[in-house]
Amino acid sequence: MATISPFKPSAHSHARNPGMALSLDALEDVRVNLSAVERRASTLGGRRTVKKAHQAAWLLKAVSCMDLTTLSGDDTPGRVRRLCAKARQPVRPDLLKSLGMEGRNLTTGAVCVYHSMIETAVTALEGSGIPIAAVSTGFPAGLSPFDLRVKEIEASVAAGASEIDIVITRGHVLTGNWQALYDEVKAFREACRDAHLKAILGTGELGTLRNVAKASLVAMMAGADFIKTSTGKESVNATLPVTLVMIRMIRSYQEMTGYKIGYKPAGGISLAKDILGYQIMMKEELGDDWLQPDLFRIGASSLLGDIERQLEHFVTGRYSADFRHPLA
Amino acid sequence: MSIAEIFDTMSYGAAPESDELALKWIADHKKKFDLFIGGKWAKAKSACCLDSVNPADGSKLAKISAANAKDVDLAVKAARKAQKDWQALGGHSRARHLYALARAIQRNSRLLAVLETLDNGKSVRETRDIDIPLVARHFYHHAGWAQLQDQEFAGYEPMGVIGQIIPWNFPLLMLAWKIAPAIAAGNTVVLKPAEFTSLTALCFAEICKDAGLPDGVINIITGDGSTGQALVNHPDIDKIAFTGSTEVGREIRKATAGSGKHLTLELGGKSPFIVFEDADLDSAVEGVVDAIWFNQGQVCCAGSRLLLQEGIAEKMIAKLKARMENLRLGDPLDKSIDMGAIVAPVQLKSIDKLVKTGQKEGAQMWQPSWAVPKDGCFYPPTLFTEVEPANTIAQEEIFGPVVVAMTFRTPTEAVQVANNTRYGLAASIWSENINLALDIAPKLDCGVVWINSTNQFDAACGFGGTRESGYGREGGHEGMLEVLKPAYLNKLPLSKPGPSKGRTPASGVATTDLDRTAKMYIGGKQARPDSGYSLPVLSPTGQNLAEVGHGNRKDVRNAVEAARKATGWTNASAHNRAQVLYYIAENLDIRKSEFADRLMQTTGVSRKKATDEVAATIRRLFSYGAWADKYESRVHTPPMRGVTLAMKEALGTVGIICPDENPLLSLISLAAPALAMGNRVVLIASERHPLSATDFYQILETSDMPAGAFNILTGLRDELSDTLAKHDDVTSIWYFGDQKGSQEVELASTENMKQTWVSNGKARNWFDNEQGEGREFLRHATRIKNIWIPYGE
């Protein structure tokens, strides 16, 4: 019997990325072959699968990695309180009991909100240990004045956010202005202080996978703690090929510096089956460390509902319905 | 393991595919299978039978019959009986049958996949995701060729009864590759599956019956090598299609030599996997996984030689080792594994032996830290570094999960190392530079090139090799041409035998003209025969007309060496080659009366006939001047984002042995297509009438034909053709002479597995454009290389 350790949210087993000087040479070396990347992404699901108890356990792990998110213009404190309540208790206690997971204090990895909702979230999550992530820097386009973007970070950190999801200026990538991208993310990182910086690349707007790879590297060189695919507002959000390219860059950055960078796919992941594909890819390409919430987060809102249904199916053998699980 | 424990460890669990229905199918057949002949299950004449064993656990699955020569005869008779009606059904009706087979295969896809995994040991992931879908795709695609046959292959007809022998590494897929084109074209088949893996073929037989395929169109006879031998030797077989080892392929070539049986051979390989420094290395690592750990490396086109550019070699090896640690090997039915079992203990032993040889010779072996299951036939993924081309494991096909890594410095050296092999099946090129990749692809001596990909297969794209990897193509338009033949071949009469051979060297020519010495033409120069002897050339009335050099093996050697060096001709543009051919025609036209006189003198034809022959020769030269830049390559469209170029390439050095009929016209009818396609030619002139050939030097010398591209020898035909047919640097040999000579040439061709094109004693009417020129000639003068080019940014 393996020892079962109590669940610790956001426990960082690795040193924080201090960043490094911008290395244009390293960018020069970046090669991405789209067809080959797509082939790997599309065939991995045939090479690995998790079924039954393993699937249930993996889905529970996915819950622990979830940044439960609401990012809508009609967000209100009431909406955010409901979300936070769900983050504290994402899976029905009776199900957790049946799964042998009671007493593990299973929560989501974080809640993710706009700046104006931080205060509500801080109150609602008090004592839970669940971190609050705030999207920032003129999310989702990131084109507001630079100093306002920096100030937004400072304000969110001051309001109690311990994770800041910044958006990069996609134009810097599209014009190959790596220095500007580096300077921008570095400034954001400084403004974050102890809060962790997740760099949203907006991959759906970067045109090519090579751009995605280079932007990933620059963000890490500038000190990002996580790199994240999308805002959820682009027409194409997280995909497996994009994920493969970004996490290969994480591996490459680790080879260069020794630092482990987290990864967060966001947008478009709504099925339990889908998230298993991402988890398998993380395990295969980066290893088990990247299945834990300190290095893997999932930006999602409706995914949790599907996971709950699958877990109930595992417990009862019957297919479940969404109304049987509390709203987020 | 509890959910909480899995939650903490995030391990994989077993995810086995059920084998219940496949085992039930076997049990329903009482675990014993008969032969499938004429649409019925037939008891084998011999009581002897073979065990089909699951290599993953050693369990016996079923007993398989062993067909003997009598069973083979019954099967061939059944196929013969069915063939006429099957052909007469017409393309559309056959298309409907193939379509029905494709659908039936899809309906039974999981049964076939699991059965294949049980029988072969390959992972169910591969059978489910690769083998079986490709099988169905093959029948769909070839249903289409049956439908279009009348338009697309007008003037061709099926070969008749085809004997097919397939290997154990892709049992059902190889069956589909063989059967689908054959029956689409109107042939009937007798197929022998490999003795280790017959079950899916037998299941397929049942599917054919259920799908209403007419009796006798497909006959499945199981057995071992002796069954295959009986099939190869059966006199009523029109063609043998074989996939398997080079050793057995060679035996089949010998056994069928001179029989007139058409032959395609898909043999072994030692394919290079070339990684340039500008490749996407992470993707290339996955490429290596697909290249050498696909089907446990038991793949004829496996990328088993990893060629790394020096600058990235260390990095690539480190990435590869990390990747190997993550590979999972185990129960082939587990849906979470990369590698399954090796097909049989004998194969395991052979892999182990070669690996030990590799270690003994000083190469560094590396295997991941995890252990393979002890029960069952398993071998871990294995990487060799510090390997040099001189090592056994760099040259011999291992046919297992073993890759050997070597390095190169420049693109030129990459090509050099890649081509440093007796095989020529496939190659993989990894580079993000399109200029580099497309420059290297044509330079590799092989039949298939995958750019930034590997082990891609599709029914629309031809597959097959060069050198000792065999010849012929399977799949696509080019594959259809291997199961069809030009209809007029049936009508060719036997050629009239020439005068008896073995004339003694003589001297003294009765002539009033100034003495002219007809030498040989080697490397662009007139050359005296090495022997220092001459042969008399007699007129039809027996007069001594002149003497020609009595060529010997050294003259052949010199000519082939000259041809080897004349690469400029192969690399010249098609336009350039056309210009030379037109120029030859022009110069011949100037001297047409002289050539007509010679024909009258040597062959005794009338002036009119002689003049006609010269005129026809000039027309033929024009035809191939025209064809030079018009026998174009195809672009296949497999289901991917990208294209597959079916590039028509020169073969290299072609040996041509000319017939005695129409000595000028037949010489040009054979040499011109070979030259037009960029081959270098070593031609042995008509033994009886060599003077038209020796006169021709002067035309060549005035027509800008580069030195060495076209070499002409004189002498005793079968003496010279034997040396030429045995020469390892001759890629293809064309023999137009008697039946015995045809057989000898084919027997002699086996060492480097050169392609042969022999007349088997049949005569062509060289004046007839259908028989004497065109696509049939061009097809023999080229081979098709399929270059897979996926794209996307």
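This is a walk through the model, stop by stop, with something to select at each one.

Before you click, note that this is a predicted model, where local features need pLDDT of at least 70 and side-chain atom pairs count only at pLDDT 80 or more, while totals for chains, interfaces and linings use all residues. Residues are numbered from 1 along each chain as its sequence is written, and chains are lettered from A and ligands numbered from 1 in the order in which they are written.

**Stop 1: chain A**

Select chain A and switch to cartoon. You are looking at 13 helices and 8 strands; helices (H or I, at least four residues) and strands (E, at least two) are DSSP runs, numbered from the N terminus. The radius of gyration of chain A is 19 Å, close to the 20 Å that the globule rule gives for 328 residues, so chain A is as compact as a globular protein of that length. That radius is taken over C-alpha atoms, and the globule rule is 2.2 Å times the number of residues to the power 0.38. Along the principal axes, the C-alpha atoms of chain A fill a box of roughly 55 × 45 × 40 Å. Of the 328 residues in chain A, 55% are buried. A residue is buried if 20 or more other C-beta atoms lie within 10 Å of its own, exposed if 12 or fewer, and partly exposed in between, with C-beta atoms placed from the backbone.

**Stop 2: chain B**

Now show chain B, with its 28 helices and 34 strands. Its C-alpha atoms fill a box of roughly 105 × 60 × 45 Å along the principal axes, and buried residues make up 58% of its 793 residues. Colour chain B by domain: domain 1 is 20–267, domain 2 is 271–468 and domain 3 is 520–630 + 652–783. These bounds come from an automatic or database domain assignment.

The centres of domain 1 and domain 3 of chain B, taken over C-alpha atoms, are 41 Å apart. Their contact takes 8 residues from domain 1 of chain B and 9 residues from domain 3 of chain B; two residues are in contact if their C-beta atoms, placed from the backbone, lie within 7 Å. Select α10 (residues 246–256) of chain B, which gives the most to the domain 1 side, with 4 residues.

**Stop 3: where the chains meet**

Show both chains together. Their contact takes 34 residues from chain B and 34 residues from chain A. On the chain B side, pick out α1 (3–9), α6 (124–152) and α11 (281–292), which each supply at least two residues. Helix α1(B) gives the most, with 7 residues. By class, this side of chain B has 10 nonpolar, 11 polar and 13 charged residues. Here Ala, Val, Leu, Ile, Met, Phe, Trp, Tyr, Cys and Pro count as nonpolar, Asp, Glu, Lys and Arg as charged, and the others, Gly among them, as polar.

For a view from chain A, zoom in on Arg31(A), in the loop between α1 (24–28) and α2 (34–47) of chain A. Arg31(A) is partly exposed, with 19 other C-beta atoms within 10 Å. Which residues does Arg31(A) touch, not counting those up to four places away in sequence? They are Asp278(B), Ala279(B), Asp280(B) and Glu432(B).

**Stop 4**

**Stop 5: a hairpin**

Go to β4 (residues 49–53) and β5 (residues 60–65) of chain B, which pair in the antiparallel sense over 5 bridges; two strands pair if DSSP finds at least two bridges between them. Leu50(B) has Ile64(B) as its bridge partner. The two strands form a hairpin with 6 residues between them, and Gly58(B) in the turn has a positive phi of about 80°.

**Stop 6: Leu621(B)**

Finish in helix α22 (residues 607–627) of chain B, at Leu621(B). Is Leu621(B) buried or exposed? With 27 C-beta neighbours inside 10 Å, Leu621(B) counts as buried. Leaving aside neighbours within four places in sequence, its contacts are Leu581(B), Ile584(B), Ala585(B), Leu588(B), Ile668(B) and Ala672(B).
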